[in-house]
Structures are given as C-alpha cells and as structure tokens.
Amino acid sequence: MAAGVAVVDELDVSDQLTNEEIVLPLTQHGLSANYDSATALTKQHSPQDHFSARYEQTPDWAIGPFDRDSTLTFTPTSQWPDPTGIGWTASAIFNPSLIRHDGRLVVVYRASPSMESTASRIGMAVHDPATGWTDSPRNPLIYPTRDNELHGCEDPKIYRANGRYFLFYNAVFPIDPDDASRYPSPNYTLEDIGCDINVAVSDDLVNWTKIGPVVPHEVSRLWCKGAVIPRDANGDAVRVGGEFLMYLSEGCNGTLHIGRSVDLIHWEFEEQQYLDLELLKGLLHEVACAAAFDDGRIVLDIFYSAGAAGTFAAQALYHRDSPFTQISLNKGGSLSWGGLLQHRGTWLFAQGWDAPAGVRELYFYRSARVDSTPLR
C-alpha cells in the first residue's frame with residue numbers, strides 16, 4: 001500500500017462499514033480483470049461548450065456562462081505508480097474537484113484507462129502562479145483498497161469544514177445476484193454493477209483516511225451518486241438549518257433523497273422530491289454541484305436529457321430557508337461534478353470531457369461575468 005492512504009481511523013466509524021459485507025472481495029485477480037475490460041472501452045462526451053454555452057436567457061441568479069481559461073490547462077507529465085501491481089495506467093483524466101489550500105489552487109481528479117471507464121483512481125495536483133501545475137508525488141491518493149472499490153474509485157467531490165478536508169467519491173463494485181434480490185431496485189436498472197458513495201478525510205490533503213460508505217444499501221439499493229453538499233465560493237461546506245445537507249440524485253430506486261449530517265461523516269437519509277424539470281421537458285441524470293451564496297441562495301447545477309434533443313445542463317434556484325423548494329429553473333450550466341470555486345473574482349471549474357481521445361488534459365472554464373452579490 002502506498003504511503004499516505006489509511007483504511008482505519010480513530011474516528012467513530014462503527015456504523016459506516018456495513019455495506020462492505022455484501023460485495024465481492026478485493027483481489028489482485030479481480031482488479032486485473034476489471035482493468036483489462038476498462039482499457040477496451042471507448043467513450044466520448046459532448047464538448048463542454050455544449051453545456052456552458054450562451055443561452056437566450058441568463059437570469060441574474062444563474063452562474064455563467066463560461067469561457068475556457070487556457071492559462072490553467074493541466075497536463076500531467078508522467079504515469080502514476082501502481083500500488084495494486086496490475087500494470088495500471090491512465091489515458092484520460094476528468095471529473096475533477098477544485099479547492100484552495102495554503103493560498104494555492106488544488107485540483108483533485110479522476111484518472112481512468114479510458115474515458116468514463118471503470119478501474120479509475122483519484123489523484124491531486126497543485127497550481128503555483130509562478131511555476132504552474134505540479135502533480136502530487138503521492139498519487140494515486142485514492143485507489144482500490146476496500147471490497148466495494150473493486151471496480152474503481154471515481155468522481156471526487158472535496159469539501160472543507162472545521163479545518164479538515166472531506167473527499168466523497170464513487171466506489172464501484174460488482175453485484176452478487178443474491179444481493180440484488182436482497183436490495184431490489186425495480187425503478188432503477190442496475191444490471192451487475194453497484195456504486196457506493198465513500199468518504200475519506202485529511203488534515204493536509206496528503207495523508208488520507210478512508211472511512212467507508214455513507215449511504216446504507218437500504219437507501220441506495222446498491223446504486224447511488226450525488227454527494228452534492230452546498231459549498232461556498234471558497235470550497236467550504238455550508239450548514240443549512242444547522243446541519244450539512246446532501247442532495248442524492250442518481251440511483252436509490254429512482255427516487256430523490258436528501259441526507260443530513262452534523263459532521264459530514266455520519267448521515268441520515270430520507271426521500272425528498274426537491275427538483276422538477278417539467279419546464280425543460282427533461283429527465284434528470286444527476287445533480288452535479290450546489291453553490292451557496294451569502295444572501296441565502298443555493299444554486300444546483302444539473303445534468304439532464306431532453307429525449308431526442310440530447311443532453312444538457314441546467315441550474316435550479318433555492319433559498320437556504322427552504323432548500324427543497326425550487327424557486328426557478330434555467331437552461332445552461334457548468335456540469336462541474338466537483339463544485340464551482342471562486343478564483344480571481346469569477347467562478348471557476350475544471351473538466352476533462354473536451355480532451356481528444358487518449359490525451360490527458362484538464363481544461364478550466366471561467367464565468368464570463370462577476371456576480372454582483374457578495375460571495376462567502
């Protein structure tokens with residue numbers, strides 16, 4: 001195991017590990033078989049400009065539109081070491097999360113054998129205005145070490161609270177048929193792959209402790225994504241009504257759920273229909289992120305489909321006093337899975353979908369206007 005990754009912690013995690021008893025065991029043979037299948041996958045997304053383009057309407061509350069900032073493009077210069085010993089390498093990097101640490105811009109990102117494949121790992125790079133990007137020598141920061149990570153660790157979302165960093169990521173695992181019967185999901189087709197939301201914590205962004213899954217399978221029915229927690233312009237998780245909120249948007253037997261927590265580790269979940277896309281004639285795929293403003297606004301950034309018209313981004317407006325009551329909806333957004341961050345006076349996010357096949361690059365996008373409302 002590489003230095004910097006721990007799977008046991010002094011924190012109280014007694015109720016966080018129950019999901020692991022029903023997944024197939026992590027083995028080097030299983031990792032190798034999954035890596036072989038992942039390298040054979042070829043998938044290309046729509047260009048990022050398709051989602052963040054200038055639409056006919058951009059209300060004052062919406063964030064964007066966005067333009068690429070070519071001065072921040074990140075290109076790793078080498079492959080990471082492979083602590084699993086299966087010969088793993090990456091040809092694509094994407095779905096990152098941004099935060100600041102010690103005054104520097106930090107990107108935590110997903111690396112995969114091919115775009116949107118399984119067998120992913122998570123790494124980090126730091127930007128210095130004078131020298132540019134430096135990939136962390138400790139990469140991979142997060143890689144499969146737990147049974148529910150056999151098919152990879154994906155799509156990091158990073159938050160800061162009380163001086164600590166909380167990294168939520170998707171843990172992907174093969175489903176045993178008996179477990180599919182134990183947790184039926186008639187309204188959301190799973191096939192043979194499951195997905196948990198895992199969390200890891202760090203005090204310095206270098207040494208990480210894996211805590212485990214935060215959503216019980218009684219809620220997820222073996223598949224959930226989201227871990228969207230309202231985050232301010234600096235990357236700090238924002239309390240709503242004295243608690244942290246999590247918007248779950250994919251899986252859970254096809255039903256929207258929200259989570260509540262006082263510490264970002266222990267969560268309780270309930271069904272909550274917080275989003276209506278009828279105005280856009282859309283079907284929700286996933287909520288990407290939630291931006292919180294000082295004036296009480298919460299803006300959810302959303303990925304949805306509109307039938308034959310294709311897939312799009314949208315944003316929905318809420319207020320902190322009523323975080324599940326949709327106030328307004330507007331087409332156009334960022335699809336920043338890891339959250340929007342304010343940088344040099346505008347909103348900033350990173351993405352990897354526009355990179356040519358086989359090219360490992362992250363492109364950064366900056367909002368074309370500065371929001372007039374003071375940000376946290």
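Predicted model: local features only at pLDDT ≥ 70, side-chain atom pairs only at ≥ 80, totals over all residues.
1. **The open sheet.** Start with the 4 strands in the order E3-E4-E5-E6. They form an open sheet, and the pairing is antiparallel. Strand E3 (92–101) and E6 are the edge strands, and each pairs on one side only. From one strand to the next, the twist averages 30°.

2. **E5 against E6.** Strand E5 (residues 121–128) runs antiparallel to E6, and 4 bridges join the two.

3. **Asn139.** Follow the chain on from strand E6 (132–135). Asn139 lies in the loop between E6 and strand E7 (153–161). Its relative accessibility is 4%, so Asn139 counts as buried; the cut-off for buried is under 20%.

4. **What surrounds Asn139.** The side chains of Asn139 and Asp135 make a polar contact of 3.2 Å. Neighbours within four places in sequence aside, Asn139 is in contact with Trp80, Pro81, Tyr109, Gly123 and Met124.

5. **Strand E16.** Now move to residues 283–292, which make up strand E16. Of the 10 residues in E16, 7 are buried, so the strand is largely enclosed by the rest of the structure.

6. **The E16–E17 hairpin.** Strand E17 (residues 297–305) runs antiparallel to E16, with 8 bridges joining them. Ala291 has Val299 in E17 as its bridge partner. The hairpin has 4 residues between the strands.

Terms used: Residues numbered from 1 in each chain as written. Heavy atoms only, no water. Buried < 20%, exposed > 50% of the residue type's maximum accessible area, 1.4 Å probe, protein only. Polar contact = N/O pair within 3.5 Å; in protein donor to acceptor, adjacent residues only side chain to side chain. Contact = heavy atoms within 4.5 Å. Pairing = 2+ DSSP bridges. Axes fitted to C-alpha atoms, helices over the stretch in contact; angles between N-to-C directions.
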